[in-house]
Amino acid sequence: MRALLIVVLSALPFIAAAQNLVVRPGDNLGAVVQTPGIDEYRMSGGTVQSLAQGDARDFFEMFAGLIIGAFEDGDVAFFYGGEIGRVDMKLDNNLFDMFGGRILGNLVTGFGNDTIFLRGGSIGGNISTSGGVDTFTITGGELKGNLLASFGNDVLTWKNGGIIRGFIDMAATTTWQRCSTSMPAF
Ligand SMILES: [Ca+2]
Ligand SMILES: [Ca+2]
């Protein structure tokens, strides 16, 4: 009977409960790995070694604190302040909306139709997206590296502010909506 029960249980699909994690000032966590479900992560302070949100369309919101290494597998992210080592959103149609704070390395999104806002703060490396129709809106902040958009009919809107210190490579078809401020040399 016991053996039968174990067989039945192991045949069930693995369903992980999604995780809703809040990290506050004073917290000190290691490598955080969330679930295959739709997770939420909110951070108002503290230190985390790294964050992987896993599969599904996860939510991320950060106001302060430090993620020392990578933030990976995010999908819908709002970044207001604090510091992150590097960001890799990977696949899916991602949104990264950056109001402030600092990314030391690259901001990467994988395939999919990605939407990136840079309104404030700084990115030490590159912004790079893979194929798909990617939309970039830059109205403030500083990109110290390059903007690499790969193929796809990408849209770049740059207005009212923001600094790109590197170059812009939009690859194939590209729509420039409106450009102001100083343009980089091509
Ligand atoms: Ca997840
Ligand atoms: Ca995810």
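**Strands and one valine**

Reply: Val-76 has its place in strand 5 (residues 76–79); strands here are DSSP runs of E of at least two residues, and they are numbered from the N terminus. This is a predicted model, where local features need pLDDT of at least 70, side-chain atom pairs count only at pLDDT 80 or more, and totals for chains, interfaces and linings use all residues. Residues are numbered from 1 along each chain as its sequence is written, while chains are lettered from A and ligands numbered from 1 in the order in which they are written.

Me: Nice. Is Val-76 buried or exposed?

Reply: Val-76 counts as buried because it has 20 C-beta neighbours inside 10 Å. The cut-offs are 20 or more other C-beta atoms within 10 Å for buried, 12 or fewer for exposed and partly exposed in between, with C-beta atoms placed from the backbone.

Me: What is Val-76 in contact with, leaving aside neighbours within four places in sequence?

Reply: Those contacts are Arg-57, Phe-59, Phe-60 and Leu-95. Contact means that the C-beta atoms, placed from the backbone, lie within 7 Å. Also, Asn-94 is 18 residues from Val-76 in sequence, with 5.9 Å between their C-alpha atoms.

Me: Switching topic, which strand does strand 2 join?

Reply: Strand 2 (residues 28–33) is joined to strand 3 by five bridges, and the two run parallel. For strands to pair, DSSP must find at least two bridges between them. Asn-28 is opposite Thr-47 in strand 3.

Me: And what is the bridge partner of Thr-47 in strand 4?

Reply: That's Leu-66. Nine bridges link strand 3 and strand 4 (residues 59–72), again parallel.

Key. Helices (H or I, at least four residues) and strands (E, at least two) are DSSP runs, numbered from the N terminus. Two residues are in contact if their C-beta atoms, placed from the backbone, lie within 7 Å.
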